[in-house]
Amino acid sequence: MLAPPAVVFYLSWNDLPRDLWPILVGSLLAIGIVLAAFLIISPTQMVRRRRAAGWGSPMEISFSPLSVNVRHPSQDSQNHWSAIMKVREKGGRLFLFTTPNNAIILPRRAFASDEQFSEWCRRAAAYQQAARRAEA
């Protein structure tokens with residue numbers, strides 16, 4: 001089988017017409033500006049916006065027999081236990097699933113001791129099951 005012919009262009013500085021240089025330089029400059037905007041400026045602005053919105057700040061999560069309350073600098077939310085689909089403890093984290101792909105996650109390091117973390121896991125499971133039984 002024959003390989004397809006390859007076309008190779010070799011241009012030297014003197015091979016380009018003088019009228020083509022401004023177009024070539026302008027195009028390369030435009031490409032550089034666009035790349036800089038997407039690769040440097042946009043991520044920097046995203047980080048600034050997230051910091052201004054409070055992302056990176058600690059969240060305060062509390063339980064009550066009726067709901068899970070989440071306080072954050074940019075929002076406060078209340079999730080009733082009946083809206084928590086499942087409660088799982090895995091890998092040193094407590095997962096409170098609000099949808100199959102979304103969870104409130106409490107890491108073990110947020111607690112003073114293993115006993116406190118275990119108690120929160122037990123309370124979360126008990127509150128969620130009580131809400132499910134009351135719903136039925």
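Biologist: Why is F63 counted as buried?

Modeller: This is a predicted model, and the value is computed from it. F63 has a relative accessibility of 10%. The cut-off for buried is under 20%. Since 10% falls under that cut-off, F63 counts as buried.

Biologist: What makes up the protein chain around it, in terms of helices and strands?

Modeller: The chain has 2 helices and 6 strands. From the N terminus on, their order is α-β-β-β-β-β-β-α. Buried residues account for 19% of the 136 residues.

Biologist: How many aromatic pairs are there?

Modeller: The count is 6 aromatic pairs.

Biologist: Why is the pair of F63 and W120 called tilted?

Modeller: The ring centres of F63 and W120 are 4.5 Å apart, and the planes stand at 45 degrees. A pair needs centres within 6.5 Å, so 4.5 Å qualifies. Stacked requires under 30 degrees and edge-to-face requires over 60.

Biologist: Where in the chain do the two partners lie?

Modeller: F63 belongs to strand 1 (residues 60-63) and W120 to helix 2 (residues 114-135). They are 57 residues apart, and the pair links distant parts of the chain.

Biologist: How do you know whether W120 is buried or exposed?

Modeller: Its relative accessibility is 14%. That is under 20%, therefore W120 counts as buried.

Biologist: What makes the pair of F111 and W120 edge-to-face?

Modeller: Their ring centres lie 5.3 Å apart, with the planes at 65 degrees. The centres are within 6.5 Å and the angle is over 60 degrees, so the pair is edge-to-face. F111 has a relative accessibility of 9%, which is under 20%, so F111 counts as buried.

Biologist: Which residues do the ring pairs link into a cluster?

Modeller: The cluster consists of F63, W81, F111, F117, W120 and Y127.

Biologist: What sits over the ring of W120?

Modeller: The charged end of R123 does, 5.3 Å from the ring centre. The distance limit is within 6 Å, so 5.3 Å passes it. In another place, the charged end of K86 sits over the ring of F97, 5.0 Å from the centre.

Biologist: Which residues touch the most other members of the largest nonpolar core?

Modeller: Among its 17 residues, these are F63, V68, W81, L94, L96 and L106. At least two core residues come from each of strand 1, strand 2, strand 5 (93-99), strand 6 (102-107) and helix 2. Helix 2 gives the most, with 5 residues.

Biologist: What does V68 touch, leaving out residues up to four places away in sequence?

Modeller: V68 touches I61, S62, F63, S77, Q78, N79, W81, I84, L96 and I104.

Biologist: Why is Q128 called buried?

Modeller: Q128 is in helix 2. Its relative accessibility is 8%, which is under 20%, so it counts as buried.

Biologist: What makes the approach of Q128 to I84 a polar contact?

Modeller: A polar atom of the Q128 side chain lies 3.0 Å from the backbone oxygen of I84. The limit is within 3.5 Å, so 3.0 Å meets the distance condition. Beyond its neighbours within four places in sequence, Q128 is in contact with W81, I84, M85, K86 and V87.

Biologist: Why is P65 counted as exposed?

Modeller: P65 has a relative accessible area of 58%. Exposed means over 50%, so P65 is exposed. The residue is found in the loop between strand 1 and strand 2 (67-72). With neighbours within four places left aside, P65 is in contact with W81 and Y127.

Biologist: What makes W55 partly exposed?

Modeller: Its relative accessibility is 48%. Buried would need under 20% and exposed over 50%; 48% is in between, so W55 counts as partly exposed. W55 lies in the loop between helix 1 (20-52) and strand 1. Leaving aside neighbours within four places in sequence, W55 is in contact with R50 and H72. W55 and P73 are 18 residues apart in sequence, with 8.0 Å between their C-alpha atoms.

How values were computed:
Residues are numbered from 1 along each chain as its sequence is written. This is a predicted model: local features need pLDDT of at least 70, side-chain atom pairs count only at pLDDT 80 or more; totals for chains, interfaces and linings use all residues. Side-chain values use heavy atoms; hydrogens and water are left out. Helices (H or I, at least four residues) and strands (E, at least two) are DSSP runs, numbered from the N terminus. Buried means under 20% relative accessible area, exposed over 50%, partly exposed in between (1.4 Å probe, protein chains only). A charge sits over a ring if NZ of Lys or CZ of Arg is within 6 Å of the ring centre and within 35 degrees of the ring normal. Contact means heavy atoms within 4.5 Å. A nonpolar core is a set of buried Ala, Val, Leu, Ile, Met, Phe, Trp, Tyr and Cys residues joined through side-chain atoms within 4.5 Å. A polar contact is a pair of N or O atoms within 3.5 Å; within protein, one must be able to donate a hydrogen and the other to accept it, and residues adjacent in sequence count only if both atoms are side-chain atoms.
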